[in-house]
Amino acid sequence: MKVSTKLYGAVGTLALIGMTVAGTGIWYVRTLGEELNLATGKTAVKLDLVNATRARAWEMVGALYGMHVVANLNNPTEFDARARRWNAAFKRTGEQIGELRPLMDSEQARKDLARFESGVAEFGKVSADYIRLCRERKFEELADLETMVQGFAGLADEVLTDLKIRERQHLKDSQSRAESLRSQSLWVNIAMSLVLLGTVVLA
């Protein structure tokens with residue numbers, strides 16, 4: 001075989017390997033970027049919002065019970081402060097539900113969020129009565145409402161815990177896929193480098 005023929009063959013092989021390596025690298029980088037974007041840009045944001053919403057739910061429940069205590073102590077200034085705290089937490093909960101809604105990527109997650117949103121709406125009505133009765137110091141009429149408050153606390157804990165567990169699993173899955181892609185990319189680059197080296201030696 002002529003030297004020129006072997007040279008052309010070697011150059012062609014090297015070019016083919018180079019294009020393959022480049023194409024494979026671009027694909028892996030793009031796919032890895034998508035996984036990282038899913039993990040950091042969506043799943044982590046949802047997880048943060050779920051945790052924040054959970055905190056606001058407990059803040060609302062705590063504010064109600066606090067109003068009961070300070071109303072018993074006949075402390076209107078502290079009562080009003082706790083009422084404002086409840087209002088702020090209730091408002092922020094509604095905002096967080098709105099932020100979570102477009103991020104829900106499964107039918108079950110959307111159902112869970114809708115269930116929680118419905119519970120928050122009902123809890124708002126219950127809380128209005130609870131606050132009024134505390135302000136009027138009609139504590140004997142609070143028993144039924146306290147049962148409803150406890151029901152909301154249970155609902156919030158159940159739904160938001162389920163959402164948190166689901167999003168944590170999504171985050172772990174994304175991290176596992178990203179790690180798998182990094183490993184595959186490394187082995188592909190090693191294999192292509194060996195082929196490239198063998199081509200150069202044989203040429």
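1. Helices here are DSSP runs of type H or I with at least four residues, numbered from the N terminus, and in this predicted model arginine 137 is found in the loop between H3 and H4. Arginine 137 has a positive phi of about 60 degrees although it is not a glycine, and, at 39% relative accessibility, this arginine counts as partly exposed.

2. As background for both points, most residues other than glycine have a negative phi.

3. Turning to the aromatic side chains, the count comes to 4 aromatic pairs. In one of them, the rings of tryptophan 86 and phenylalanine 123 have their centres 6.4 Å apart and their planes at 45 degrees, so the pair is tilted; the cut-off for pairing is that the centres lie within 6.5 Å. Since tryptophan 86 belongs to helix H2 (residues 76-100) and phenylalanine 123 to helix H3 (residues 107-135), the pair ties together parts that are 37 residues apart in sequence. Tryptophan 86 and phenylalanine 123 are both buried.

4. Phenylalanine 123 also forms an aromatic pair with phenylalanine 152, and this pair is stacked, with 4.0 Å from centre to centre and 10 degrees between the planes. Phenylalanine 152 lies in helix H4 (residues 143-202) while phenylalanine 123 lies in helix H3, so the pair ties together parts that are 29 residues apart in sequence. Phenylalanine 152 is buried, as is phenylalanine 123.

5. Which residues do ring pairs link into a cluster? The cluster consists of Trp86, Phe90, Phe116, Phe123 and Phe152.

6. The largest nonpolar core has 37 residues, and the members that touch the most other members are Leu64, Trp86, Phe116, Phe123 and Phe152. The elements that give two or more residues to this core are H1, H2, H3 and H4. In general terms, nonpolar side chains tend to be buried together in soluble globular proteins.

7. For a closer look at phenylalanine 123, its contacts can be listed with the neighbours within four places in sequence left aside: Met60, Val61, Leu64, Trp86, Val149 and Phe152. This list includes Trp86 and Phe152, the partners of phenylalanine 123 in the tilted pair and the stacked pair described above.

How values were computed:
Residues are numbered from 1 along each chain as its sequence is written. This is a predicted model: local features need pLDDT of at least 70, side-chain atom pairs count only at pLDDT 80 or more; totals for chains, interfaces and linings use all residues. Side-chain values use heavy atoms; hydrogens and water are left out. Rings of Phe, Tyr and Trp (its six-membered ring) pair if their centres lie within 6.5 Å; planes under 30 degrees apart count as stacked, over 60 as edge-to-face and the rest as tilted. Buried means under 20% relative accessible area, exposed over 50%, partly exposed in between (1.4 Å probe, protein chains only). A nonpolar core is a set of buried Ala, Val, Leu, Ile, Met, Phe, Trp, Tyr and Cys residues joined through side-chain atoms within 4.5 Å. Contact means heavy atoms within 4.5 Å.
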